[in-house]
4 protein chains.
Amino acid sequence: MMDKYASAGKVAYAMGRGGTENSAECLMAAKLKTAVLGATGYSGLELARLLVRHPHTDAPLLLRRGADTNEAAPQSPPTSGNGNGNGKFPVKASIQPFSWSALEQHGVELLFLATPHAFSREVVPEAIARGLRIVDLSGAWRLKQEQHRAIYGFKDASPQTAAELTERAVYGLPELNADRIPSAALVANPGCFATSVILALAPLLSAGIVDCDRGIISDSKSGVSGAGKEPTARTHFVSVADNFSAYSVFGHRHTGEILEQLRLNSCQLIFTPHLLPIPRGILSTIYVYLKEAMTADEVQNCFHDFYKGKKWVRIFPASSLPEIQFSVHTNYCDLGFCLAHDGRRLIVVSCLDNLLKGAAGQAVQNMNLMYGWDEAEGLQ
Amino acid sequence: MMDKYASAGKVAYAMGRGGTENSAECLMAAKLKTAVLGATGYSGLELARLLVRHPHTDAPLLLRRGADTNEAAPQSPPTSGNGNGNGKFPVKASIQPFSWSALEQHGVELLFLATPHAFSREVVPEAIARGLRIVDLSGAWRLKQEQHRAIYGFKDASPQTAAELTERAVYGLPELNADRIPSAALVANPGCFATSVILALAPLLSAGIVDCDRGIISDSKSGVSGAGKEPTARTHFVSVADNFSAYSVFGHRHTGEILEQLRLNSCQLIFTPHLLPIPRGILSTIYVYLKEAMTADEVQNCFHDFYKGKKWVRIFPASSLPEIQFSVHTNYCDLGFCLAHDGRRLIVVSCLDNLLKGAAGQAVQNMNLMYGWDEAEGLQ
Amino acid sequence: MMDKYASAGKVAYAMGRGGTENSAECLMAAKLKTAVLGATGYSGLELARLLVRHPHTDAPLLLRRGADTNEAAPQSPPTSGNGNGNGKFPVKASIQPFSWSALEQHGVELLFLATPHAFSREVVPEAIARGLRIVDLSGAWRLKQEQHRAIYGFKDASPQTAAELTERAVYGLPELNADRIPSAALVANPGCFATSVILALAPLLSAGIVDCDRGIISDSKSGVSGAGKEPTARTHFVSVADNFSAYSVFGHRHTGEILEQLRLNSCQLIFTPHLLPIPRGILSTIYVYLKEAMTADEVQNCFHDFYKGKKWVRIFPASSLPEIQFSVHTNYCDLGFCLAHDGRRLIVVSCLDNLLKGAAGQAVQNMNLMYGWDEAEGLQ
Amino acid sequence: MMDKYASAGKVAYAMGRGGTENSAECLMAAKLKTAVLGATGYSGLELARLLVRHPHTDAPLLLRRGADTNEAAPQSPPTSGNGNGNGKFPVKASIQPFSWSALEQHGVELLFLATPHAFSREVVPEAIARGLRIVDLSGAWRLKQEQHRAIYGFKDASPQTAAELTERAVYGLPELNADRIPSAALVANPGCFATSVILALAPLLSAGIVDCDRGIISDSKSGVSGAGKEPTARTHFVSVADNFSAYSVFGHRHTGEILEQLRLNSCQLIFTPHLLPIPRGILSTIYVYLKEAMTADEVQNCFHDFYKGKKWVRIFPASSLPEIQFSVHTNYCDLGFCLAHDGRRLIVVSCLDNLLKGAAGQAVQNMNLMYGWDEAEGLQ
């Protein structure tokens, strides 16, 4: 089935571009045309790098909103001459201002949005109308419930279209929604914190073993790239280095995603983000009370069963906990746990790279599902 | 003996501070003679620095256990010549091997122990017998209950003496035990994590407003100096930088102190330490469920009332949280909180410098109480 | 006028310190009235902290230029209530907009400027005319030679007044200009890099042992606070952490100061600044060729002789080099050196805290000289 | 023997890559068998990771010396279960004690040594006698001149064999020795600092434009992984963080390599290493006086001409300098320069990742040359 599906995907996209040829040349030509809008930010740049190396995509069209002036990322040196072996394109040169005609001209089929949520909310309706498929890395389309969306303060030009798209959008957490992502036109890529919390809790909640009413707490810590590339007093090196702080307590935007995906009410979960003095990586320490006493083996099996066959979740042996360094620069979400002697108090530790499994890597994983490719393609 | 000794000390220093003698020489002579055993570690060195500048103490006698070979701390440059304006002594030169005769020769009255707990447990009985007063920065004498002491695995030469001293030892948290510290012969200086958690919770528990059975969680994070100066794979720069991890989950030694001081049972508290990639500082994020809904003002008053007149605890306005940078290099414990809309879920954030309020600064604060001086003396 | 003013100041403060009055009230009244304009930046805040604790000054009047909106520094927690033992004032509350009437109203005698150089250049003429003494931490008045000033692009309202003040301004490096600072009305506090380089080279150049024409190189590295508090792409945590880079190569503003103070021409010195991923501290590695072979003892004596009696320069033994940690949070400039086997190639390493000896500490040192106090007052 | 062996290897792999066999099984079987001895250190582990992903090698046999007890690297989480998508092997499990029989049993053809130099010096003679090809990452075989080797204090069992091997060993800097590496039996992989300095200077010295007698200075800075994985007081997080220091001044082991490869005498070069508070990366700031004034274009052409067709050196445009972040996690050596207005004083900045282009990446690059593969294979 996999082969058939993959072939179908290839054919479909070869057709999408128009070709019927079957020579290797054609297969080369058959690569997916993508664009990254917002390629100047941390997630957008990371995504561009992944797409450049992806075996089934052409070099992505890199776009910026008009307002973005810092076109080059810190890791994109202004190289010249004969030494650049980076591959498909020199990253810096290619970031163009966004326009629909640019997308058309390049024959873009899949559009990645690494833009602020307000911009995504504005641009997606037309993009969908123009027949593009979309993976949106912003929070614009993640939430089904109005109560959770309120915090974003969306102002939709056409509320009805927005409502319809909100309904159609698929929350792009592949480990949970692998059945709905392949056919989705609009994939809402999850928030980085949300990914770390949902993946840690989904197996336990799905098994019905958590005493939700006693309260679940996620004490989460993120590196600074999660706060975006905008220079602010808060992201100044001197403010962050040798420091650590909590923020958005009882009010972080990712809370709604977590509640919706885990079907919890707002009294059942406390989610507290903190800022770590490191560039990237998230660790969530999650406190859960079980309904009945369990053994470590039973808890471990719960995780293993849930993530059977899932490539991008690693389960650690009982009492062995992941650290941020283990998953940074990979697309893995690492999960480990400790169970108290009473068998009822459980601590789950969840780690991931906020720019990969928490953003760009997950976006590629979603693309892989959308086009019938292996989930790990381009992410090793 | 303890009381007599303490009284004598008080008198001598009362004379030094406010007595009738008027020659400068006399005032000089009246300064307290102290020693720091274990002056090669982070806490011991920090303590030495504080004592050098303390107006009521002579330059401390600095001692090391025989095994300590790294006599100089990284911050003690091997200076020479005319430029050293550091004050009473050049730190590096003066660290001598420990002996009872050295203590006698220098007329030491107050002995600070910044040594491993096993060593403290061994040396204290004789020190007390010799009439010394002691502030012990290790965990050797902090715990009254055998169940909490077990984790340390003490092997006492004279179990009876050890039991008596355990009983007499005063837990040196000045904000809680200011009445018992002045007359104590043996002060057990609290653990750094324990200080941050106890000071955050004591006002709430004392007011009886916490639903303890629902569970209290302290998710605590510490800088690396808290792990000691011993070079290990875990404290290697490459292991710590760009990383973050939990450790000693459900099994950290400071848990017992917190439970005893707050009169909680082991099912009512989860304490989870984490390692931050910073040299110093602790932040504890503490989750509490209140028995009944309260207002932020009521919670704030609870803290203010409890710490009225206490110089080294700072209460932040509601919803304004301390960060590690605020209290590092000071003796303050900073406390802030956020209350959920339901008025029942409360997050307290507690910050301090693990080497000052969490160790050496608190030791000086205890000394100030023991000798009747202002609690802030030498700590500004 | 300058001399008279200075004398008056000296007398007043001599009385305050050792005069014939004996009431405590009088002693209090005699303290120097100061103001810090630009108290929102890193140097200004550090200066405010030093002045608060200085025994001979009142709490400084803290001022900001109209444009400054971030009034509170990261280390100034928004405390309230009874816990604040910080001393003379709560730092945050007291930063007011600048006005001449505010200065008059508070009877300010000494004005510290921690403002951008253009602003200092504008405000100093009137301040001097109003009889204020000034310590300016900016680069506005450090340079005598037009060729070195050009890089700043000063636009003076009254070029003649500016020229006169430029002439009268004393370069406030106490170890070199201790004879002229006491009577100065306008002290130009040196740049942080310049201080580290000049103090390292002055003894060698003064002794005439350096082959200047062979070229002197200072490869200097600074922590990020040296780049100021303004959030920029360059000071974003993610740009700085795990990174290191050179900047302003062959074109840094401090070069002129170094050349003027050391009487070198621009071909004799290369000064290359680099940005370190640390909050504070400077280390300069300085390469010098000696005219004739020397012994390490001779070089060491050269340093010792030059800095005899100077409290804030520490000379390390030969082949023992300072590190940034040794001097950070102190007012010391640490100097060490290594001499090659040939006795002619010499490397001098110079370390200091860019916010203390490189800015605010040196400003206080200058104030101490201006008012006849001990050079170390308020800096221990 | 060396040539024959090399040719045989080339043929075998040419067949594997482009030969006449057409079954996938055969292609698999043709992969090169390698071993990494010292796979517990930073370089060894990095090398293991590269080899696992290399298209022309089998999973390497990972070996440790008997003394190595810390078998797992910090980045090797103790994963289990179904989530591990890392590829060819679980890194942790496979590190075995070294023995000749293990090498034989696995049919190892190419042996990588990531061991201390004394061990390499001891083991290489037998390895060569057994017909193995070797890439040695230690300093054991880099130096031809006795005067430079002295600092290592080698004690050779058979001085004659050692002398012969020293003569036959090829210094494995592919950009300089691409003609000799393909046929080498013993490749001495360059030091990390040496690579950064030699690649920066070789084009200029080769062009004969440098005034060597005026003195060349390389002020070099390295991240902490360059100091090795052994926990020491010097690599303790608290010693390194917020710090910066010079070390091994006028006496670092890499000096000899640089002098030999660049044919300089010891009076013509000063090389000063410093320790940066970052995990990985090297930046060398190199000061050169040109014999005659040149234009920036001429200098740039000098670099471009020298590195024409070289994939792993990137030349920056004039006055645009590399930063450590640009090359970390890549195999690039980045080179940039600034020329003073006089056209004679030149600063070259050279950056690379000490574990990749400075160690493991370069080792793979050497292997690629040794077996006739594309120089970039397995390094993208």
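1. Two strands count as paired if DSSP finds at least two bridges between them. In this predicted model, strand 1 (residues 34–37) and strand 2 (residues 61–64) of chain D run parallel and are joined by three bridges. One residue shows this pairing at close hand: Leu37(D) has Leu63(D), in strand 2 of chain D, as its bridge partner.

2. In general, the strands of a sheet pair through backbone hydrogen bonds, either parallel or antiparallel. In chain D there is an open sheet of seven strands with parallel pairing, and its order is 3-2-1-4-5-7-6. Which strands form the edges of this sheet? They are strand 3 (95–97) and strand 6 (170–171) of chain D, each of which pairs on one side only. Helix 5 (residues 117–129) of chain D lies across strand 4 (110–113), strand 5 (133–136) and strand 7 (186–188) of that chain, and it runs at about 165° to strand 5 of chain D.

3. Two packed helices are described by the angle between their axes and the distance between the axes. In chain B, helix 5 (residues 117–129) packs against helix 7 (residues 159–168) at an angle of about 75°, with the axes 10 Å apart, which makes helix 5 of chain B roughly perpendicular to helix 7 of chain B. Helix 5 of chain B brings Val124(B), Pro125(B) and Ile128(B) to this meeting, while helix 7 of chain B brings Thr161(B), Ala162(B) and Leu165(B). By class, the residues of this contact are five nonpolar, one polar and no charged.

4. The axes of helix 9 (residues 192–206) and helix 12 (residues 296–306) of chain A come within 9 Å and cross at roughly 105°, and so helix 9 of chain A is roughly perpendicular to helix 12 of chain A. From helix 9 of chain A come Ala202(A), Pro203(A), Leu204(A) and Ser206(A), which meet Cys302(A), Phe303(A) and Phe306(A) in helix 12 of chain A. The residues of this contact divide into six nonpolar, one polar and no charged.

5. Chain A is divided into domain 1 (31–76 + 88–189 + 359–370) and domain 2 (193–352), and the C-alpha centres of these two domains of chain A lie 25 Å apart. Where they touch, domain 1 of chain A contributes 17 residues and domain 2 of chain A contributes 18 residues. On the domain 1 side, helix 8 (174–177) and helix 14 (360–370) of chain A are the elements that give two or more residues, and the largest share, three residues, comes from helix 14 of chain A. That side of domain 1 of chain A has seven nonpolar, seven polar and three charged residues.

6. How many residues of chain A are in contact with chain B? There are 35 residues of chain A in contact with 35 residues of chain B. Among the elements of chain A that give two or more residues to this side are strand 8 (216–222), strand 10 (269–275) and helix 13 (324–327), while strand 11 of chain A gives the most, with four residues. This side of chain A divides into 21 nonpolar, seven polar and seven charged residues.

7. Chain A can be laid on chain B, with an RMSD of 0.0 Å, by a turn of 180° and a shift of 0.0 Å along the axis, which means that the relation is that of a two-fold axis. The same surface serves both copies, since 100% of the contact residues of chain A recur in chain B.

Note on methods: Residues are numbered from 1 along each chain as its sequence is written. Chains are lettered from A and ligands numbered from 1 in the order in which they are written. This is a predicted model: local features need pLDDT of at least 70, side-chain atom pairs count only at pLDDT 80 or more; totals for chains, interfaces and linings use all residues. Two residues are in contact if their C-beta atoms, placed from the backbone, lie within 7 Å. Ala, Val, Leu, Ile, Met, Phe, Trp, Tyr, Cys and Pro count as nonpolar, Asp, Glu, Lys and Arg as charged, and the others, Gly among them, as polar. Axes are lines fitted to C-alpha atoms, for helices over the stretch in contact, and angles run from 0 to 180 degrees between N-to-C directions. Angles under 35 degrees count as roughly parallel, over 145 as roughly antiparallel, 65 to 115 as roughly perpendicular and the rest as oblique. Domain bounds come from an automatic or database domain assignment. Copies are superposed by least squares on the C-alpha atoms of residues with pLDDT of at least 70 in both.
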